[in-house]
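Here is a friendly tour of one model, written for someone who likes cut-offs spelled out. Have the viewer ready and follow along.

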Amino acid sequence: MPLVFAAATNHGPGITARRETAPEDEVAPFFEGFERLHQRIEAAKLDALVMVSSDHIQNLYMDNMPAFIIGLGDSFPGPTEDEHFLKIPKTIVPGAPDLAAALADEVMETVDLAYSGELALDHGFMVPLHFLTPDYDVPVVPLIINCMFPPYPKLGRAYELGRALRRAIDQQPGRIGLLGTGGLSHWPAAPLSGKVAVEWDREFLDAMTANRRDDMIRYTDAEIERDGGPGGHEIRSWITVAGACEGSTGVLDFYTPLPSFAIGGAVVEMTIA
Ligand SMILES: [Fe+2]
């Protein structure tokens with residue numbers, strides 16, 4: 001069964017931690033969009049969900065920083081953050097170890113991956129899952145891209161990772177979905193936290209929905225840092241999803257700036273061809 005679903009959206013601890021204090025008219029379009037995504041993921045009847053996110057110094061440290069690392073575990077604890085802060089109860093999310101190992105084996109024909117049996121899920125995974133598979137009943141294969149510390153994997157390599165993932169997923173039985181999370185522009189834990197670079201976000205989203213690879217990967221790391229903030233490096237997750245859908249375009253379900261959550265919020269669903 002080939003890939004049956006592919007989308008990208010945001011994560012960010014504020015989405016759950018600060019929901020009550022955010023103006024409703026600001027955040028309502030985001031939660032409505034998340035709910036539509038939830039419905040579409042349910043309708044896809046997935047047997048497994050491959051999730052691509054960054055790590056936030058929860059699993060990976062400067063002693064050993066892989067560009068890409070896939071989780072081979074039977075299950076993954078999360079969230080790593082304090083549950084009272086994040087307002088997501090700690091739980092155990094089922095993994096898909098056989099699928100993860102098979103994907104890693106095929107991906108490594110063209111893209112080198114690190115792997116781990118002991119990843120834990122931080123808000124990059126848990127915030128989207130909290131809304132999109134709230135019963136945690138879809139096994140997850142987590143895949144982390146280093147978006148935290150330079151030297152980062154090149155944007156073009158994130159696209160290649162997506163192409164390799166697609167080739168690997170299409171060889172597997174079952175209904176498999178792909179979800180990238182992170183970005184768009186944001187300045188987390190920085191003096192500019194709350195700034196949203198709307199034009200920068202929209203330019204990237206235009207390139208992604210048209211799947212214009214060269215436009216998506218044209219940014220230097222310094223340009224991302226300057227125009228999209230340190231959190232902007234997480235566009236790598238979105239680029240990986242686009243790479244998995246090379247030759248297809250996508251649909252922007254919504255885009256809305258969310259200064260209360262310190263992110264630009266969006267959902268892009270790619271067409272599977
Ligand atoms: Fe993040």
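## A buried asparagine

The side chains of Asn 211 and Tyr 159 are joined by a polar contact of 3.0 Å. Such a contact is a pair of N or O atoms within 3.5 Å; within protein, one must be able to donate a hydrogen and the other to accept it, and residues adjacent in sequence count only if both atoms are side-chain atoms. A polar atom of the Asn 211 side chain also lies 2.9 Å from the backbone oxygen of Ser 248.

This is a predicted model, in which local features need pLDDT of at least 70 and side-chain atom pairs count only at pLDDT 80 or more, while totals for chains, interfaces and linings use all residues. Residues are numbered from 1 along each chain as its sequence is written, and side-chain values use heavy atoms, leaving out hydrogens and water.

Asn 211 sits in the loop between α7 (198–209) and α8 (213–216); helices (H or I, at least four residues) and strands (E, at least two) are DSSP runs, numbered from the N terminus. Asn 211 counts as buried because its relative accessibility is 11%, where buried means under 20% relative accessible area, exposed over 50% and partly exposed in between (1.4 Å probe, protein chains only).

## The iron site

Which protein atoms hold the iron ion as donors? They are His 11 (NE2), His 56 (NE2), Glu 234 (OE) and Glu 234 (OE), lying 1.9 to 2.8 Å from the iron ion. Donors are N, O and S atoms within 2.8 Å of the metal (3.2 Å for Na, K and Ca); water is not among the atoms, so sites may look incomplete.

Along the chain, the donors follow the spacing H-x44-H-x177-E. His 11 lies in the loop between β1 (3–9) and α1 (14–17), and Glu 234 in the loop between α9 (221–227) and α10 (235–244), so the pair ties together parts that are 223 residues apart in sequence. His 11 is buried at 1% relative accessibility, and Glu 234 is buried at 4%.

## Phenylalanines together

Phe 30, Phe 31, Phe 34, Phe 131, Phe 254 and Phe 261 form one aromatic cluster. Rings of Phe, Tyr and Trp (its six-membered ring) pair if their centres lie within 6.5 Å; planes under 30 degrees apart count as stacked, over 60 as edge-to-face and the rest as tilted.

The structure holds nine aromatic pairs. In one of them, Phe 30 and Phe 31 have ring centres 5.5 Å apart and planes at 75 degrees, so this pair is edge-to-face. Both Phe 30 and Phe 31 are buried.
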